[in-house]
Amino acid sequence: MLKTIILLTDTVQQQQPLANLLREHNRDLAFCSALRASDLSAIEPDVLSEARLVSFAANVAVPEKFLLKLGYGAYKFYATPTQYPGLPPAPDESDDDPRCYSVIAQSMTIWPDFKKVVGLETVTIPDGTLPAERERMVFSRLAHLFWGMSHMIAGEATDLPGIIGSSESQRPTAAMMN
């Protein structure tokens with residue numbers, strides 16, 4: 001039974017609103033907060049078998065051993081310019097400001113063939129938009145994606161349905177590694 005959501009976020013201010021939203025769909029959930037990989041390693045191991053990790057706008061590498069111990073999977077919510085899929089833009093690329101972003105919810109696994117996109121939206125930035133406004137627009141869309149998927153994140157399913165990715169419907173097991 002899903003008992004705990006581990007929220008990995010970029011800032012501490014994001015923790016409470018996300019937890020409140022998920023709690024609307026499952027009042028019995030407990031929450032663990034994390035901002036860094038060291039915060040994840042501080043979580044008691046017995047919690048992990050009944051937990052799901054949700055990374056929201058966080059650029060933190062999650063250790064493989066940690067992912068293997070989670071009973072309800074791990075999902076990351078992030079934004080990326082569609083001009084550079086999978087790559088963050090360089091900080092000095094002001095001449096080439098991306099006009100279109102994808103906000104993505106994706107499963108996190110150590111097996112690349114089992115990763116799948118479970119949520120996807122795009123946002124187009126109007127010409128002349130200032131960088132701060134562009135960031136706000138993209139973040140708002142990411143928050144909207146999280147809101148739309150919150151009932152699934154807080155639910156009992158061990159594996160969220162993919163819209164893009166692996167055709168495999170089961171989670172990998174240790175036996176599959178041999």
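**A residue and its strand**

Tutor: At 2.8 Å, the side chain of Thr9 reaches the backbone oxygen of Thr11. That side chain also makes a polar contact with the side chain of Gln15, at 2.6 Å. A polar contact is a pair of N or O atoms within 3.5 Å; within protein, one must be able to donate a hydrogen and the other to accept it, and residues adjacent in sequence count only if both atoms are side-chain atoms. The model is predicted, so local features need pLDDT of at least 70 and side-chain atom pairs count only at pLDDT 80 or more, while totals for chains, interfaces and linings use all residues. Residues are numbered from 1 along each chain as its sequence is written, and side-chain values use heavy atoms, with hydrogens and water left out.

Thr9 belongs to strand S1; helices (H or I, at least four residues) and strands (E, at least two) are DSSP runs numbered from the N terminus. Thr9 counts as buried because its relative accessible area is 0%, where buried means under 20%, exposed over 50% and partly exposed in between, with a 1.4 Å probe and protein chains only. Leaving out residues up to four places away in sequence, Thr9 touches Gln14, Gln15, Leu18, Ala34, Leu35, Phe56 and Ala58, a contact being heavy atoms within 4.5 Å.

S1 is largely enclosed by the rest of the structure, because 6 of its 6 residues are buried. Thr4, Ile6 and Leu8 point one way, whereas Ile5, Leu7 and Thr9 point the other way. S1 and S2 run parallel and are joined by 5 bridges; two strands pair if DSSP finds at least two bridges between them. Ile5 has Phe31 of S2 as its bridge partner.

The largest nonpolar core has 29 residues, of which Ile5, Leu7, Leu22, Phe77, Phe146, Met149 and Ile153 touch the most other members. Such a core is a set of buried Ala, Val, Leu, Ile, Met, Phe, Trp, Tyr and Cys residues joined through side-chain atoms within 4.5 Å. Among the elements that give two or more residues to this core are strand S1 (4–9), helix H1 (15–25) and helix H5 (131–153). H5 supplies the largest share, 7 residues. Beyond four places in sequence, Met149 touches Phe77, Ala105, Val118, Gly119 and Leu160. A second, separate core of 15 residues includes Ile6, along with Ile43, Leu53 and Leu67. In soluble globular proteins, nonpolar side chains tend to be buried together.

Of the 178 residues, 39% count as buried. Among contacts with a separation of 6 or more, 62% link residues 24 or more positions apart.

Confidence, given as pLDDT from 0 to 100 for each residue, averages 85 over the chain, and 82% of the residues score at least 70. S1 has the highest mean, 97, and strand S7 (residues 164–165) the lowest, 62. Over residues 167–178, pLDDT stays under 50.

Conventions. pLDDT = per-residue confidence, 0-100.
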